[in-house]
Amino acid sequence: MSKYFISFSPGAYCGIFLLVLAAAATAMGQNKFTISGTMKDKSNGETLIGASIYVKQSPSSGAVTNAYGFYSITLPQGLYTIEYSYIGYEKIVKDIDLDGNATVNVELPVLSRVLDEVKIVDESRISTSRNFEMSVNKLDIKTIQKLPALMGEVDIVKSLQFLPGVSQVGEGSSGFNVRGGSVGQNLVLLDEAPVYNSSHMLGFFSVFNPDAVKDVKLYKGAIPAEYGGRISSVLDVRLKEGNNKKTEVDGGVGFIFSRLAVQGPLVKDKSSYLIAVRRSYIDGLSTLLTSNNFGLNFYDITLKTNYTLNQKNRLYLSGFFGRDNFGLSDDAKFNWGNKSGTLRWNTVLSSKLFANVSAVFSNYNYNLGFNQDENNKYSWSSAISNYVVKPDFSYFINSNSEVKFGLESSYYQFNPSKTVGTTNGETVDSSQPKKYALEMAGYISHRLKVGSKLEFQYGIRFSYFNYLGPGTAYIYNDTIAGRKRTAIAQRQYKSGQSIASYSNPEPRMSAKYQITDQASIKASFSRTAQYVHFISNTSASNPLNIWTPSTNNIKPAVGNQYTLGYFTDLGQHAEYEFSAETFYRTTTNEIDYINGAELLNNDRLEGDLLSGNGRAYGLELYLQKKKGVITGWVSYTLSRSELKVDGINNGKWYPTRFDQTHNLKVIASYTINQKWSTTADFAFTTGTPTTYPNQRYLSQGILIPYNTTNARNDARLTPYHRLDLSLRMEGKTINKKGLARKNHDFWVFSIYNTYGRKNAFSTYFSQSTDRVTSYQPIQTQAHRVSIIGSMVPSVSYNFKF
Amino acid sequence: MILTAIRTWARQLCMLSILLLWACDDEITVKTSSADPILNIDAWINNKSETQHIYLTLSQDYFDNKNLPPVVSGALVTVTDNEGRVYEFAEDRTSVTGAYSWYPAKGEVLGVVGRSYTLMVIYKGETFTATSEVHRVPPVDSLTLSYREGQGMMDDTYSAEFWATDPAGKGDTYWMRGYKNGKLLNKASEITTAYDAGVSSGSGFDGVTFISPIRLGVNANDLDEDDRPVSPLVNGDSIYVEIHSINLSAYNYLAEVVSQADRMGGISELFTSAPLANVSTNIVNANKNGSAAVGYFNVAAVSGLGKKFYF
């Protein structure tokens with residue numbers, strides 16, 4: 001299939017767009033008024049994302065709140081009964097006599113634990129079959145908290161692996177793979193700030209503190225036009241605003257780390273704050289055992305505050321600071337971490353026009369230092385800094401038509417390596433020059449309901465990237481594919497001069513057809529472009545992996561994804577939800593590496609990189625039971641993810657390291673009674689691909705493995721399967737005096753990898769470590785590495801008051 | 001430095017993970033396919049005034065742990081310099097290692113700095129060639145004892161440290177080779193190469209003393225029964241250090257060898273494991289469609305110094 005299967009000139013596209021918009025505008029009748037407002041949680045004042053507004057007299061006019069809890073519905077003059085609802089909350093019904101624009105802010109009470117969920121909310125109105133979005137998974141923080149977790153620590157990124165279309169190379173590997181995309185192709189956002197390394201402790205935990213997170217949404221396809229910059233997926237993590245009714249303290253104590261979050265009002269109903277901190281103590285443990293400075297620890301601080309200026313304007317400020325420290329010994333240090341900050345201004349320009357302007361800063365850096373003595377030391381650091389300004393607008397034309405448009409401007413500063421070394425008293429600075437780049441995008445998209453069954457969203461994002469001087473552009477020789485290329489010429493550029501620039505029109509479109517009240521079909525196409533690249537050639541990424549811009553040699557990666565899905569609600573109360581989605585994805589300019597590539601501190605890095613194409617396709621089946629004493633889901637993905645790179649696998653297609661033919665996940669939660677509940681999850685995946693040698697030879701006494709077919713990833717590791725269990729015990733709800741306890745606490749007992757399977761993370765081949773003479777045959781061995789090779793029990797205590 | 005650093009902390013992390021009973025590394029049985037053997041030319045010769053060997057063997061099935069590599073008999077092996085001198089390597093029919101040897105006359109050497117040499121191997125009607133240029137090498141100035149107090153799970157260690165200075169001018173590449181009590185240290189984990197005085201082309205160390213990971217990179221790397229590192233030196237050990245000047249492509253070749261052959265296993269698989277790929281070669285078959293060959297040809301200039309350590 002041609003990569004320009006759908007190719008538009010941006011001008012023509014905008015023309016069509018404006019025409020439709022004009023038609024939609026003229027279709028608007030007279031005497032129409034707008035109801036708009038914000039939906040919040042009554043208990044803590046948090047805005048509700050994706051809550052539903054249903055108009056009894058006009059069922060097709062429903063709306064859903066946006067990422068800031070805002071909604072807008074336009075209706076003809078008249079009397080209306082409007083239902084406001086959200087999963088886990090009691091619904092509120094309001095009768096409104098509409099004869100002018102109205103602001104209706106609603107606060108929903110949390111569903112009391114004693115009530116049976118089935119009786120309260122008819123979720124069919126907010127079910128996936130009714131919802132316009134496809135290829136999107138929302139993970140409720142309450143669901144995440146129920147999952148049995150490694151070491152009992154609730155983790156957002158680890159929870160994603162239970163979703164269809166998401167895979168992971170193995171335990172301990174940082175990041176996640178979506179629909180055959182690599183880890184660096186996911187846009188990970190924490191309150192709109194890109195996160196360049198989402199892992200703590202080399203991948204065992206993620207940087208998102210669950211106590212501070214409000215909403216997690218993963219876009220696997222049909223990526224809306226407001227997102228760009230990565231070709232695989234978007235993980236949009238939104239933080240809580242902080243309780244603006246009363247001060248609340250949440251916390252937990254586990255095996256690996258402890259958490260504490262404090263939130264409360266600063267100015268009642270106007271301003272609130274949230275401070276959440278985590279600190280691990282595994283270093284204390286190892287210090288205890290080894291009595292020295294060797295150890296690994298991390299901490300992070302998540303902050304958020306907001307201020308309501310008036311009914312129409314609200315400011316938010318959020319920040320994150322996290323650090324991992326790895327002390328090797330007294331004279332060797334290694335630390336890494338992210339910091340980010342987001343300032344947002346929400347404004348309701350009119351009852352139909354909502355705007356948000358965000359200013360974002362994000363930085364990832366690491367430092368390594370060795371200090372043998374004063375005359376022999378070495379320090380090395382690397383960083384990526386990113387500054388983003390992003391105005392976004394939503395224009396609610398009427399309940400059948402909504403336009404979103406906005407701009408994004410992002411400035412990058414790459415610091416590949418700042419290295420200063422002293423050898424025998426002589427100091428050498430071999431830092432590499434910084435690299436600079438500017439990425440800009442503009443987008444517009446229109447959502448349109450045609451009749452009661454059809455709904456479209458079509459839009460375009462136009463992105464532009466400029467790799468800026470000062471800098472040096474290298475020109476490399478051509479050599480045998482797969483070999484190191486050497487720079488044969490170079491050219492200097494002055495500050496602000498463009499070294500290389502690229503642009504891409506990125507059409508995004510999706511459609512939904514409502515077959516029945518309970519079932520719909522959805523389809524989409526999206527093109528995405530990625531201008532900054534994640535450089536990592538090991539099975540799992542590590543903290544030293546760097547990001548590098550597109551240059552005159554490294555071209556931007558472009559992805560096209562087609563999806564088609566069927567969504568339906570099943571059961572009398574729509575307690576089941578089923579979906580089947582297929583996807584086909586092609587990518588260009590995927591990066592791979594020559595054998596023996598030097599990825600760190602190499603100013604000729606480009607000479608070690610290879611470029612190729614990718615393709616991935618699959619079927620995702622998902623069945624969820626949402627209500628009752630037993631809830632849970634089954635997710636099954638059948639897929640293939642491949643690359644074709646000159647110089648690897650004889651230039652033929654080969655499966656990616658994270659390709660999994662079958663990926664089955666089952667989760668079941670059982671509420672035994674008010675005190676006890678239990679959750680089990682089971683995972684089965686096909687073993688990931690690997691390469692085996694078939695021959696061996698000696699080079700100066702060193703045994704070298706050899707594959708005569710020159711293949712890559714033509715063998716498979718043994719299948720992966722695992723069962724985890726957890727048991728949750730709620731603390732007493734009534735105190736000794738028979739009154740309701742103000743505090744709420746619970747214990748979580750869990751077992752990870754219950755039957756202790758040694759799942760293979762990798763199989764490697766080596767000669768034995770024994771010393772042999774040249775007259776003895778060298779003994780070769782195959783080894784299986786299991787990152788979690790046993791059953792891991794854990795206990796954690798969590799509280800809230 | 002960087003790679004050494006990663007490797008050091010990966011090794012330590014392995015021990016930590018064993019401590020926490022997380023990761024495990026088990027020897028397993030894997031069936032790998034069989035294939036037709038290919039010619040392996042192991043041709044690392046130098047300017048030392050001693051018999052020079054080029055080893056010709058055939059590759060074996062990966063798990064053939066019973067037999068030495070089959071020797072190649074009946075090949076014609078010569079090295080020619082750019083001035084037309086021909087050095088004939090004669091087959092040693094008693095050799096179990098496939099050696100073809102050149103015996104210098106008294107004082108004669110093979111390998112003059114600045115000259116280039118071409119290897120030619122004719123075997124079963126096919127001609128294989130490779131070229132190498134001899135580069136300069138600095139002298140080893142001294143050897144000293146380096147003591148490190150035990151830290152973490154490491155015991156106290158004694159190592160040998162050599163001192164030498166890379167000559168000014170970018171682009172010198174070396175292979176540091178250590179001998180302990182007369183035995184060449186040739187584990188994959190003991191390969192130490194240098195790009196000027198540093199460990200990578202981007203490191204910028206040029207014309208200075210070799211950096212400490214290189215100076216200490218000539219020691220034995222052995223583990224005890226519990227897989228804990230053993231002190232490289234014990235009282236009375238003798239160490240001989242050689243610096244071999246190598247070609248840039250040989251430096252890259254050894255980087256590939258390290259990535260394929262030095263597998264530490266355990267949790268380090270997360271961070272240091274590049275995919276299995278064939279190590280490149282500079283041996284070329286005159287017939288493009290002819291049989292494949294592996295191996296490497298390099299002619300080195302060598303400097304060396306030894307010392308017996310008492311402490």
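Student: What distance separates the centres of domain 1 and domain 2 of chain A?

Tutor: Chain A splits into domain 1 (31-125) and domain 2 (237-764 + 786-800), with bounds from an automatic or database domain assignment. Taken over C-alpha atoms, the centres of these two domains of chain A are separated by 33 Å.

Student: And what kind of model is this?

Tutor: Residues are numbered from 1 along each chain as its sequence is written, while chains are lettered from A and ligands numbered from 1 in the order in which they are written. Local features need pLDDT of at least 70, side-chain atom pairs count only at pLDDT 80 or more, and totals for chains, interfaces and linings use all residues, this being a predicted model.

Student: Which element gives the most to the side of domain 1 of chain A that touches domain 2 of chain A?

Tutor: Across that boundary, 27 residues of domain 1 are in contact with 29 residues of domain 2 (contact means C-beta atoms, placed from the backbone, within 7 Å). On the domain 1 side, β1 (32-41), β4 (70-76) and α2 (117-120) of chain A each give two or more residues; helices (H or I, at least four residues) and strands (E, at least two) are DSSP runs numbered from the N terminus. With five residues, the one that gives the most is β4(A).

Student: Which strands stand at the edges of the five-strand sheet in chain A?

Tutor: The sheet is open and mixed, in the order β9-β16-β17-β12-β13, where pairing takes at least two DSSP bridges between two strands. Two strands have a single partner each, so one side of each is left without a neighbour in the sheet; they are β9 (136-139) and β13 (193-194) of chain A.

Student: Over to chain B: which strands stand at the edges of its nine-strand sheet?

Tutor: That open sheet has mixed pairing and runs β16-β9-β8-β5-β6-β7-β3-β2-β17. Inside that order, β6 (86-91) and β7 (99-102) pair antiparallel over two bridges, with B:Glu91 opposite B:Tyr100. The edge strands have a single partner each, so one side of each has no neighbour in the sheet: β16 (284-285) and β17 (293-300) of chain B.

Student: Is B:Tyr117 buried or exposed?

Tutor: B:Tyr117 sits in strand β8 (116-123) of chain B. Beyond its neighbours within four places in sequence, its contacts are B:Val79, B:Thr80, B:Asp81, B:Thr131, B:Ser132 and B:Val299. Because 23 other C-beta atoms lie within 10 Å, B:Tyr117 is buried.

Student: How far apart are the end C-alpha atoms of residues 152-230 of chain A?

Tutor: An unreviewed UniProt entry annotates that stretch as "domain: TonB-dependent receptor plug"; positions follow the numbering used here, feature names are shortened, and annotations may be inferred rather than shown by experiment. The span is 6% helix and 28% strand, and its end C-alpha atoms are apart by 32 Å.

How values were computed:
Two residues are in contact if their C-beta atoms, placed from the backbone, lie within 7 Å. A residue is buried if 20 or more other C-beta atoms lie within 10 Å of its own, exposed if 12 or fewer, and partly exposed in between; C-beta atoms are placed from the backbone.
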